[in-house]
Amino acid sequence: MSLGPFYAVVERELVRMFRQRGRLVAAMVRPLIWLLVIGTGLDAMLDRAGDGSYRYFLVPGVVGMTMLFGAMTASLSTVNDKESGVMRMLVVAPFPHHWIVVAKTLSATAAAVVQALLLLVLLALLGYVGADARWGLLLAALIVTSLACASLGMLVAAWSPTLENFAVIMNLVIFPVFFLSGALYPVQHLPAWLRWVATVNPFTYGVDLLKHASPAATAAQFAPDFAVATDFAVLLGFCAAATVVASIRFSRDAACEPLIHALTKGR
């Protein structure tokens, strides 16, 4: 199979993202509010003599937040394509339906990575990311974590027939995934039952991988909770499982019924 359809889908999503300037602004403002406002307040409450250690700990979390929200928002285009009729052309195209899921997942991954890179530029200008970062590991963490977030988004999109339905399910998924991770506090310091919930949350391992790539977080005595190999294994395993489940759901006749009915009415 030619890679042309993959490039076309990814390019379409990136062009759409850059045209929606409000979307990019929101993607930058949201994590900065958490870092500069909430982080500063909690730093003062923790009485750390103004050293900003908690804000440095938050850096991997807010970068992960950008990828999570960015990938989920990009996955919204799948549902929008169902309603607008674009998906009909993809469904009747001469390639398996699961390639549509893979292409959409990759496009959401690319959108999330771009947003995370833009945020890292801002954080570098503010002094929160320096030359001591492990840039190779950081780039790998961005890609794998974005892929996991995009896979989660495609799971939601596969079960969402309308935009309204996607918005409801996304809110039910995205906030527990973010808050029940290591983005705001070290996992090992949580009560036993919350630590168990965070351990089964795949997003936890994405944030943890970002912590490994951020020496500032470790220097501030907030060490990562898991090994790098564990983070990669869980994230890649989740990506594979989520893509398979989303592909099965998308390939079922029930998932394509709205498209079939629409084509039938148009005749």
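Student: Which backbone oxygen lies 2.7 Å from a polar atom of the side chain of Ser-247?

Tutor: The backbone oxygen of Thr-243 does. A polar contact is a pair of N or O atoms within 3.5 Å; within protein, one must be able to donate a hydrogen and the other to accept it, and residues adjacent in sequence count only if both atoms are side-chain atoms. Before we go on, this is a predicted model, in which local features need pLDDT of at least 70, side-chain atom pairs count only at pLDDT 80 or more, and totals for chains, interfaces and linings use all residues. Residues are numbered from 1 along each chain as its sequence is written, and side-chain values use heavy atoms, with hydrogens and water left out.

Student: Where does Ser-247 lie, and is Ser-247 buried or exposed?

Tutor: Ser-247 belongs to helix α11, residues 228–251. Helices (H or I, at least four residues) and strands (E, at least two) are DSSP runs, numbered from the N terminus. Buried means under 20% relative accessible area, exposed over 50%, and partly exposed in between, using a 1.4 Å probe and protein chains only. Ser-247 has a relative accessible area of 9%, so Ser-247 is buried.

Student: Which residues does Ser-247 touch, not counting residues up to four places away in sequence?

Tutor: They are His-98 and Val-101. Contact here means heavy atoms within 4.5 Å.

Student: How many helices and strands are in the chain?

Tutor: The chain has 12 helices and zero strands. Of its 267 residues, 49% are buried. Among contacts between residues at least 6 apart in sequence, 77% join residues at least 24 apart.

Student: How do I describe two packed helices?

Tutor: Give the angle between their axes and the distance between the axes. Axes are lines fitted to C-alpha atoms, for helices over the stretch in contact, and angles run from 0 to 180 degrees between N-to-C directions. Here, helix α6 (residues 135–158) and helix α9 (residues 202–212) pack at about 170°, with axes 9 Å apart. Angles under 35 degrees count as roughly parallel, over 145 as roughly antiparallel, 65 to 115 as roughly perpendicular and the rest as oblique. Therefore α6 and α9 are roughly antiparallel to each other.

Student: Which residues make the contact of α6 with α9?

Tutor: From α6 come Leu-137, Leu-138, Ala-141, Leu-142, Thr-145 and Cys-149, while α9 gives Phe-203, Gly-206, Leu-209, Leu-210 and His-212. They divide into eight nonpolar, three polar and no charged. Ala, Val, Leu, Ile, Met, Phe, Trp, Tyr, Cys and Pro count as nonpolar, Asp, Glu, Lys and Arg as charged, and the others, Gly among them, as polar.

Student: Is Leu-209 buried or exposed?

Tutor: With 0% relative accessibility, Leu-209 counts as buried. Among the residues that Leu-209 touches are Leu-137, Ala-141, Phe-232 and Leu-235. Leu-209 and Leu-235 are 26 residues apart in sequence, and their C-alpha atoms are 9.8 Å apart.

Student: What does Val-62 contact, leaving aside its neighbours within four places in sequence?

Tutor: Val-62 is in contact with Pro-31, Trp-34, Leu-35 and Leu-119. This residue sits in helix α3, residues 53–84, and Val-62 is buried, with a relative accessible area of 2%.

Student: And where is Val-10?

Tutor: Look in helix α1, residues 4–19. At 18% relative accessibility, Val-10 counts as buried.
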